[in-house]
Amino acid sequence: WISPKDSLPNEDEGVLVIVNRNPDSNVTLVDAYEIAFYSKNEGWIIDAYPQWEDARISWWMSLPEVPNEA
């Protein structure tokens with residue numbers, strides 16, 4: 001896991017994040033695992049809540065490679 005204070009993912013790379021706050025008026029996330037993207041212009045974009053503007057990301061990590069079926 002990587003702190004966003006230490007490093008940010010590549011522009012528009014999908015990553016797994018741990019996020020907190022309220023993406024909607026009736027939804028509160030506490031240490032929730034979500035897929036997100038980081039954009040220098042727009043900040044964090046949470047895949048499930050693209051309109052969310054104040055997501056608090058505490059940790060992120062690259063997604064694993066897709067399994068290779070033989």
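Before I look at any pairing, I note that two strands count as a pair if DSSP finds at least two bridges between them. I also keep in mind that the model is a predicted one.

**Entry 1: the elements.** I went along the protein chain and found zero helices and four strands, so that, in the order from the N terminus on, the elements read β-β-β-β.

**Entry 2: the sheet.** I then asked in what order the strands lie in the sheet. The four strands form an open sheet with the order S3-S2-S1-S4, and the pairing is antiparallel. Strand S3 (43–46) and strand S4 (56–62) stand at the edges, and because each has a single partner strand, one side of each is left without a neighbour in the sheet. I looked up the angle as well: on average, neighbouring strands of this sheet are turned by 45 degrees against each other, with direction ignored. As a reminder to myself, strands of a sheet pair through backbone hydrogen bonds, in either a parallel or an antiparallel way.

Entry 3: For strand S1 (residues 15–24) and its partner S4, I find six bridges in the antiparallel sense. Across from Ile 18 stands Trp 59, which belongs to S4.

**Entry 4: Ser 39.** Is Ser 39 buried or exposed? I find Ser 39 in strand S2 (residues 27–39), and its relative accessibility of 5% means that it counts as buried, since the limit for buried is under 20%. When I leave aside the neighbours within four places in sequence, Ser 39 is in contact with Glu 11, Asp 12 and Ile 45.

**Entry 5: the whole chain.** Finally I took the overall values, beginning with the C-alpha trace, which spans about 45 × 25 × 20 Å along its principal axes. The chain has 70 residues, of which 31% count as buried. Its accessible surface comes to about 5,100 Å², and carbon and sulfur atoms hold 47% of that surface.

Terms used:
Residues numbered from 1 in each chain as written. Predicted model: local features only at pLDDT ≥ 70, side-chain atom pairs only at ≥ 80, totals over all residues. Heavy atoms only, no water. Helix = DSSP H or I, 4+ residues; strand = E, 2+ residues; numbered from the N terminus. Buried < 20%, exposed > 50% of the residue type's maximum accessible area, 1.4 Å probe, protein only. Contact = heavy atoms within 4.5 Å. Axes fitted to C-alpha atoms, helices over the stretch in contact; angles between N-to-C directions. Areas by Shrake-Rupley, 256 points an atom, 1.4 Å probe, with all protein chains shown as cover.
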